[in-house]
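Visitor: I have this one open in the viewer. Take me through some local details, please.

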Amino acid sequence: MLNPTEKIWHNGRFIKWEDATVHVLSHVVSYGSSVFEGIRCYGTPAGPAMFRLREHIRRLMDSGKIYRMENIGFTADQLAEAMLELVRVNHMDSAYLKPIVMRGYGEVGVNALKNPIDIYIACWNWGKYLGEEALAEGVDVCVSSWTRLAPNTLPAMAKAGANYMNSQLIKMEALANGYVEGIALDSHGYVSEGSGENIFVVRDGKIHTPPLGASVLPGITRDTVITLAREMGIPVVETIVPREMLYIADEVFFSGTAAEITPIRSIDRITIGKGRRGPVAEALQKEFFGVINGSKPDQHGWLTPVHAAVAAK
């Protein structure tokens with residue numbers, strides 16, 4: 001359950017958490033017309049810092065452009081400052097942020113172009129998405145009976161609210177059958193992604209991950225994993241992944257803002273590797289969390305300090 005914070009940002013001003021409401025006939029309610037992001041603000045040795053803030057904002061604006069929500073009234077710099085200020089006004093040491101751009105109250109037909117665009121940004125404390133022990137022990141997952149979005153139906157490259165109806169079906173089916181998460185195949189029968197995570201498959205020291213053409217969201221953490229792996233000398237190839245490759249892999253792991261880097265210990269009751277976190281996932285976790293905890297240099301400038309932004313004004 002959510003633990004409310006004090007303030008939410010709405011269209012340029014801060015409002016009380018309980019005042020962040022929408023009308024039941026807002027376009028987004030009936031038609032799912034929203035795009036959003038999930039961004040982590042980590043508690044680092046130097047204070048709270050947003051992880052890959054600019055990349056998340058770019059993807060948010062790209063998603064809006066795909067759905068013809070280009071004129072949102074705020075620049076990328078303004079949205080970045082709004083998110084940093086939101087963490088400050090709520091006195092957060094760490095947080096999960098969710099900016100949402102959505103079609104609001106106006107006309108009630110399918111055409112969304114005449115409806116106003118509302119932007120909300122909320123933040124709260126959120127732990128490990130797939131469980132605290134999952135980072136070391138891994139999780140049990142299944143291949144879902146639900147297929148990921150086919151090309152030219154709903155755009156998978158947009159992080160849109162409507163897309164997550166498909167994700168809900170994948171997730172609920174997995175939970176109903178005793179798994180933590182589901183892996184969806186694309187419309188051609190190849191591995192796509194989890195309900196809210198990208199996926200990586202390790203075989204003979206090489207990492208394979210599905211390409212964007214496999215109905216994959218261009219994950220920020222996915223890009224982080226690819227970057228770190230290549231810097232560590234681990235070969236990474238973006239290629240179609242047959243379902244059966246999951247079962248014979250040395251390691252399989254998820255990535256995502258919420259999931260971070262979470263190993264998979266079994267798929268469809270078939271043990272993966274040794275049935276817990278493998279050496280590649282562990283090495284990547286060490287690099288990833290090393291940047292956040294200060295034991296590794298932030299050589300890519302992935303962290304945006306929350307409080308340094310105030311001094312820089």
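Visitor: How far is the sulfur of C41 from the closest cysteine sulfur?

Guide: The distance is 8.3 Å, and the partner is C123, so the pair is too far apart for a bond. The structure holds 0 disulfides, a disulfide being a pair of cysteine sulfur atoms within 2.5 Å.

Visitor: What sort of model is it?

Guide: It is a predicted model, where local features need pLDDT of at least 70 and side-chain atom pairs count only at pLDDT 80 or more, while totals for chains, interfaces and linings use all residues. Residues are numbered from 1 along each chain as its sequence is written, and side-chain values use heavy atoms, leaving out hydrogens and water.

Visitor: Back to C41. Buried or exposed?

Guide: C41 is buried, at a relative accessible area of 3%. Buried means under 20% relative accessible area, exposed over 50%, and partly exposed in between, with a 1.4 Å probe and protein chains only. C142 also counts as buried, at 4% relative accessibility.

Visitor: Where does C41 lie, and what does C41 touch?

Guide: C41 lies in strand 4, residues 39–44. Helices (H or I, at least four residues) and strands (E, at least two) are DSSP runs numbered from the N terminus. Leaving aside residues up to four places away in sequence, C41 touches P48, A49, M50, V87, S94, A95, L97 and V306. Contact here means heavy atoms within 4.5 Å.

Visitor: What about M83? Which residues does M83 touch?

Guide: Beyond four places in sequence, M83 touches I39, M50, L53, I57, L97, P99 and I121. M83 is in helix 3 and is buried, with a relative accessible area of 0%.

Visitor: New topic: helix packing. At what angle do helix 6 and helix 8 cross?

Guide: Roughly 110°, with the axes of helix 6 (residues 220–231) and helix 8 (residues 279–293) coming within 10 Å. That makes helix 6 roughly perpendicular to helix 8. Axes are lines fitted to C-alpha atoms, for helices over the stretch in contact, and angles run from 0 to 180 degrees between N-to-C directions. Angles under 35 degrees count as roughly parallel, over 145 as roughly antiparallel, 65 to 115 as roughly perpendicular, and the rest as oblique.

Visitor: Which residues meet there?

Guide: From helix 6, T221, T224, V225, L228 and A229; from helix 8, L284, E287 and F288. By class, this contact of helix 6 with helix 8 has 5 nonpolar, 2 polar and 1 charged residues. Ala, Val, Leu, Ile, Met, Phe, Trp, Tyr, Cys and Pro count as nonpolar, Asp, Glu, Lys and Arg as charged, and the others, Gly among them, as polar.

Visitor: What does the side chain of T221 reach?

Guide: The side chain of T221 reaches the backbone oxygen of G256 at 3.5 Å and the backbone nitrogen of T257 at 3.3 Å. These are polar contacts: pairs of N or O atoms within 3.5 Å, where within protein one must be able to donate a hydrogen and the other to accept it, and residues adjacent in sequence count only if both atoms are side-chain atoms. T221 is buried, with a relative accessible area of 4%. Beyond four places in sequence, T221 touches S255, G256, T257, E260 and F288.

Visitor: E260 is on that list. Where does E260 lie?

Guide: E260 lies in strand 15, residues 260–267, and is buried at a relative accessible area of 1%. E260 is not a glycine, yet has a positive phi of about 55°.

Visitor: Why mention that?

Guide: Most residues other than glycine have a negative phi. H91 is not a glycine either and has a positive phi of about 55°. H91 sits in the loop between helix 3 (76–89) and strand 6 (95–103) and is exposed, with a relative accessible area of 66%.

Visitor: Last one: N198. What lies 3.1 Å from a polar atom of the side chain of N198?

Guide: The backbone oxygen of L217. N198 is found in strand 11, residues 198–203, and is buried at a relative accessible area of 6%. Among the residues N198 touches beyond four places in sequence are R222, F253 and S255.
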